[in-house]
Amino acid sequence: MTTDAATDHYAEPAVTVAAEGRGEPGWLRDRRAEAARAFDATPLPTRALRPWRYTDVTGLDFAAFAPTPGALSIEATTPDGAYAGTIAGALGTHEAIVRDGLGSLAPATEGKFQAASATLWTDGVLVHAPARTVFDAPVVAELDVPEGDAAVFPRVLVVAGEHAEVTVVLRLRSTNAPLLAAGIVEIEAGQAARVRLLIDDRWGADTQDYTTVRARLGRDADLQVASLAIGGRVVKQTVEVTLEGEGANSAIRAVALGDEDQHFDFVTLQDHTGPRTTSDVEVKAALAGASRSIYYGITRVGEEAAGAEANQQNRNLLLSNASKADSDPVLEILTADVIRCGHGATVGPVDDEALFYLQSRGLDRRTSLQLLVSGFFQTVLRDIRLEGVAEELEETVFAKLARAEL
């Protein structure tokens, strides 16, 4: 049980009163109350749990962060019958979709951060693409948190029907003041649906971000997730995909650009439960200063997942003597009938020959590193082609490495 008064904001009576004040339906108030009880009963994860081995949150004090709604904006051009907007707004028009989808993949009773999110989320986004609906332009949701000593719980629910296609971009911004973020993204992709998700993290210097992405894929569904981890002090991101339908495919791409004492921790799970499913994971980090990156990835192939094909890759560039990376890719294969399942990891400095080649053309060492890191990162965007994103990433790399400790 939690004993500090932290948790007045999360206490069931306060949560219920706030939900009633927002005019939420009874089922949602009941879920928030259940989540508040789960928050009170659930301890913070410890380093004894493998996914938390390198990120110690046992000293985290929720009381130091006042739950505060961020400034949420959503830009979308929706086809007929589709919806892209706030979850609060959807309760009047798409209540059944919200009720059935919210928390279905990330239940509040699973852990402390999930319980906190389910208790107090307010910055909620619903994207509903009915069967055979194609979004011609990305849905862009931007969350900007202008206050400090705050806690935000962004929530995204994507429901894509058969043969639907949609791209969702989640942009996260804050000041350099202390901030706690615990986001949850849930994605349901029906038969032959195509979903693209880009998480563009530009948090301020003192943000702690603990985000969970969960997806379930139907037959022949395709999911592409790309994550750009640039800002924040601690960024722990968990992306888990269940490839349930035959022929489902998923790809996870992530990059982290670290400096000073930034701490990045990526956890991925590709759970192959359906036959002839495919998955690919590529996580890259370039680390300057005393920054650190951790990767723990599991590819699980179940007994019924005959003909599965899976790959994991984790690449880390150490740009300074004080930076550090740990990598632990894992395979759990429960059937002998697989096409190929592999993993690989590298940790080391920039290739000396490539660096020498650029410097021999008249570039100084810092500029050479900027070019090499920018090229190293570009592959994360190959499956999500959005106008201007590649150029913006390159500009960010050059700007951050211009002042980084190398």
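Trainee: In this predicted model, which side chain makes a polar contact of 2.8 Å with that of H272?
Mentor: H272 lies in strand 16, residues 263-272. Leaving out residues up to four places away in sequence, H272 touches residues including T277, T278, S279 and T299. The polar contact of 2.8 Å joins the side chain of H272 to that of S279.

Trainee: Is H272 buried or exposed?
Mentor: Residues up to four places away in sequence aside, H272 touches L243, R300, V301, G302 and E309, among others. Buried means under 20% relative accessible area. H272 has a relative accessible area of 0%, so H272 is buried.

Trainee: What separates the C-alpha atoms of G297 and V330?
Mentor: G297 lies in strand 18, residues 292-301, and G297 counts as buried at 0% relative accessibility. Residues up to four places away in sequence aside, G297 touches T268, Q312, D328, P329 and V330. G297 and V330 are 33 residues apart along the chain, and their C-alpha atoms are separated by 5.9 Å.

Trainee: What is the relative accessible area of S293?
Mentor: S293 also lies in strand 18. Not counting residues up to four places away in sequence, S293 touches F264, A285, L287, N316, K324, A325 and D326. The cut-off for buried is under 20%. S293 is therefore buried, its relative accessible area being 1%.

Trainee: What is the handedness of the crossing of helix 2 and helix 5?
Mentor: The axes of helix 2 (residues 26-41) and helix 5 (residues 112-120) come within 8 Å and cross at roughly 145°. Helix 2 contributes R32, A35, A36, A38 and F39 to the contact, and helix 5 contributes K112, A115, A116, A118, T119 and L120. By class, these are eight nonpolar, one polar and two charged residues. The crossing of helix 2 and helix 5 is left-handed.

Trainee: How many residues of helix 5 are buried?
Mentor: The buried residues of helix 5 pack against helix 1, helix 2, strand 1, strand 7, strand 10 and strand 12. Those buried residues include K112, Q114 and S117 as well as F113 and L120. Helix 5 is mostly covered, and the count of buried residues is nine of nine.

Trainee: What is the handedness of the crossing of helix 7 and helix 8?
Mentor: The axes of helix 7 (residues 365-377) and helix 8 (residues 389-403) come within 9 Å and cross at roughly 145°. The contact involves R366, L369, Q370, L371, V373, S374 and F377 of helix 7, with L393, E394, V397, F398, L401, A402 and R403 of helix 8. These residues divide into nine nonpolar, two polar and three charged. The crossing of helix 7 and helix 8 is right-handed.

Trainee: Which residues have the most contacts inside the largest nonpolar core?
Mentor: In soluble globular proteins, nonpolar side chains tend to be buried together. Here the largest nonpolar core has 53 residues, and those with the most contacts inside it are V166 and L217.

Trainee: How many residues are in the second, separate core?
Mentor: L217, which belongs to the largest core, is in contact with A189, L223, V241 and L243, among others, leaving aside neighbours within four places in sequence. The second core is separate and includes L28, L60, A116 and L120. A116 and L120 also take part in the contact of helix 5 with helix 2. The size of the second core is 32 residues.

Technical notes. Residues are numbered from 1 along each chain as its sequence is written. This is a predicted model: local features need pLDDT of at least 70, side-chain atom pairs count only at pLDDT 80 or more; totals for chains, interfaces and linings use all residues. Side-chain values use heavy atoms; hydrogens and water are left out. Helices (H or I, at least four residues) and strands (E, at least two) are DSSP runs, numbered from the N terminus. Buried means under 20% relative accessible area, exposed over 50%, partly exposed in between (1.4 Å probe, protein chains only). A polar contact is a pair of N or O atoms within 3.5 Å; within protein, one must be able to donate a hydrogen and the other to accept it, and residues adjacent in sequence count only if both atoms are side-chain atoms. Contact means heavy atoms within 4.5 Å. Axes are lines fitted to C-alpha atoms, for helices over the stretch in contact, and angles run from 0 to 180 degrees between N-to-C directions. A crossing is left-handed if the near helix is turned anticlockwise from the far one by less than a right angle, and right-handed if clockwise. Ala, Val, Leu, Ile, Met, Phe, Trp, Tyr, Cys and Pro count as nonpolar, Asp, Glu, Lys and Arg as charged, and the others, Gly among them, as polar. A nonpolar core is a set of buried Ala, Val, Leu, Ile, Met, Phe, Trp, Tyr and Cys residues joined through side-chain atoms within 4.5 Å.
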